[in-house]
Amino acid sequence: MVFTRLQVIRCKAAVAWEFNQPLVIEEVEVAPPQEKEIRIKIVATGVCQSDLYFLSKCSNQTAFPVVFGHEAAGVVESIGPGVTEFQPGDTVIPLFMPQCRECRLCKSPKTNLCVNGCPFERSRISCRGRKLLQFLGTSSFSEFTVVKEMSVAKIDPAAPLDRVCLIGCAICTGYGAAVNTAKVEAGSSCAVFGLGAVGLAAVMGCKAAGASRIIAIDINPDKFEKAKVLGATDVVNPNDHSRPIQQLLQEMTGGGVDFSFECIGNVEVMRSALESCAPGWGVSVIAGWTDMENFSAPPIHLMTGRKWTGTLFGGEKWISASEPAASGVTYLDRKLMVDEFITHNLRLEQINEAVELMKNSRIRAVLSVSPQ
């Protein structure tokens, strides 16, 4: 493929034309980057449950047609006017959590949120004469995509992009939930509800923080061995027990765990995770995404000292313009486990197979999008 910075690139992308319908591999046109924008050749992308959520669960009919995908890694192809921190050839991770560095949230060390984040917006990608929406500012189910400079982070060029792409969502979300949001303490007890990629990353984060007991919970026992590899000391299938899981955990720990993590996006499980915490000091973190239902709990659970909080992309300044590069180094030093999360390696053309794998509770499929 031959192109210059000012050319429109014709390439392949997986387009979601309608809600809850198979994605279609199409030839799309990707316009050149504009002011403060970067065009990236996507090398690899993970298929995340959040992609599936907006494709087949959250029936926002105005969010189509769209190119999904937000957990990726690639190479800068060209830069628009005003871009100062990146050059063509840089290896990068697009960030679904931007860092404009100017808004009130970005200026605060207390959060990694930015007011400029948007689930769906107009993209530089067109197909059949129609502008396609961009998902979370990234749209990585495309061989090329254009993102804002504030939504890109450099990655160590030695890190394999078909592995460290997972740093762009799942691993930072779960690991950061443990080490940043909950601030898991050495010697503590933890319970992780849901052993998808986010939950397994939370297990890894709990271990890194020095937790002495990490209870991994899922209704799919096929995930237990991987949870043990990442640090789980106990595994529990709620379907194997007649009493509620929170009661079982209270019995197992003499009154409740110090920290719990809901990594599914299920409001009933959120309450169970809260109630599994010890009164007085227990902290329960919501890391699973949903916006279709409300959660509730008796106020006495909080009045007696439990804390209920949430996290998005790992909380605080876990992810920023420099953090993925540091994470890439950590991966190369084998202090951060990433390979263990990947269960399937597929091509972009196999996107619908990857979607079905995720629907059937596989941990993480990584798509090869473009050669590096």
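**Close-up views of a predicted model**

**View 1. Two domains, side by side.** The C-alpha centres of domain 1 and domain 2 sit 26 Å apart. This is a predicted model, where local features need pLDDT of at least 70, side-chain atom pairs count only at pLDDT 80 or more, and totals for chains, interfaces and linings use all residues. Residues are numbered from 1 along each chain as its sequence is written, and side-chain values use heavy atoms, leaving out hydrogens and water. Domain 1 takes in 13-21 + 52-65 + 85-168 + 318-368, while domain 2 is 173-310; these bounds come from an automatic or database domain assignment.

**View 2. Where the domains touch.** Here 15 residues of domain 1 are in contact (heavy atoms within 4.5 Å) with 18 residues of domain 2. About 1,500 Å² is buried between them, with 69% coming from carbon and sulfur atoms. Buried area is the accessible area (1.4 Å probe) that two parts lose on being put together, summed over both.

**View 3. A salt bridge up close.** Glutamate 26 and arginine 128 pair up through their side chains, at 2.3 Å from N to O. Glutamate 26 belongs to strand E2 (residues 24-30) and arginine 128 to the loop between strands E7 (120-127) and E8 (130-135), so this pair ties together parts 102 residues apart in sequence. Strands (E, at least two residues) and helices (H or I, at least four) are DSSP runs, numbered from the N terminus. A salt bridge puts a side-chain nitrogen of Lys or Arg within 4 Å of a carboxyl oxygen of Asp or Glu. The whole structure has 19 salt bridges, but the count between domain 1 and domain 2 is zero.
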